[in-house]
Amino acid sequence: MRVMYATYQGRRVAQMLSAVLRFISIIGLSCLPAIATAQQPIPDDLVISLQRGNCEGGCPVYRVLIFANGDVIWQGRGRVARPGVALSAVERDQIRALIQDFEAIDYFHLENIYGFHGAGCRSTTTPGASMAITSLSMGGVSRILSHYAGCAGEIPDRLTALENDIDKVANTARWIVGEPPTGK
């Protein structure tokens, strides 16, 4: 009788252990997409650029490039605290976040111009506002898009957010107005 009870308990423990392992594997597998997304590879040929300027009234004129390895190149052209070229770096997670920003607005399928001559503007406001030119090259595909800051509409608003995110990741404020780096 004792042997049968011990065998019963041994099977019961094995069943419980098996159930716990199944539960852990199910939970683990359900988390895989989030983990895979966070660690998606960055294409080696990735280059993100933002160029601002071409406005009446004295806006900053600059260009910033972000590369797949995290290198950042700044080129201040006018009305900035740091004219000329400067170098820095960003984290790969920040680059992944920018790629997601581009994908979220379906960047490769947008109009070429959002401004006076483009079809994507509902209306234009803010005379003398600046132009932003963004570009994305990755996976052998490249796209350049012009956006007039006075252009109103859903897509132009999302482009403004994307442009601001590029500025934030590259920490261009330190070169535009001379603020210290954010450390991100």
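Predicted model: local features only at pLDDT ≥ 70, side-chain atom pairs only at ≥ 80, totals over all residues.
**Exercise 1.** Find the disulfide and assign its handedness.

*Solution.* Search the whole structure: one disulfide turns up. It joins cysteine 55 to cysteine 59, with an S to S distance of 2.0 Å. The cut-off is 2.5 Å. Next, read the torsion about the S-S bond of cysteine 55 and cysteine 59. It is about -135°, so the disulfide is left-handed.

**Exercise 2.** Trace the pairing of strands E1 and E2, then of E2 and E3.

*Solution.* Take E1 (residues 47-53) and E2 (residues 61-67) to begin. They pair in the antiparallel sense over six bridges. Arginine 52 stands opposite tyrosine 62 in E2. Move on to E3 (residues 71-78). E2 and E3 run antiparallel, joined by six bridges. Here arginine 63 stands opposite glutamine 75 in E3. Last, inspect the turn. Three residues separate E2 from E3 in a hairpin, and glycine 70 in the turn has a positive phi of about 100°.

**Exercise 3.** Compare the span of helix H3 with its expected value, and list buried residues.

*Solution.* H3 (residues 154-170) has 17 residues. From first C-alpha to last, H3 reaches 25 Å, close to the 24 Å expected at 1.5 Å a residue. Its buried residues include Leu159, Leu162, Glu163, Ile166 and Asp167. Just after H3, asparagine 171 takes a positive phi of about 55°.

Methods. Residues numbered from 1 in each chain as written. Heavy atoms only, no water. Pairing = 2+ DSSP bridges. Helix = DSSP H or I, 4+ residues; strand = E, 2+ residues; numbered from the N terminus. Expected span 1.5 Å × (residues − 1). Buried < 20%, exposed > 50% of the residue type's maximum accessible area, 1.4 Å probe, protein only.
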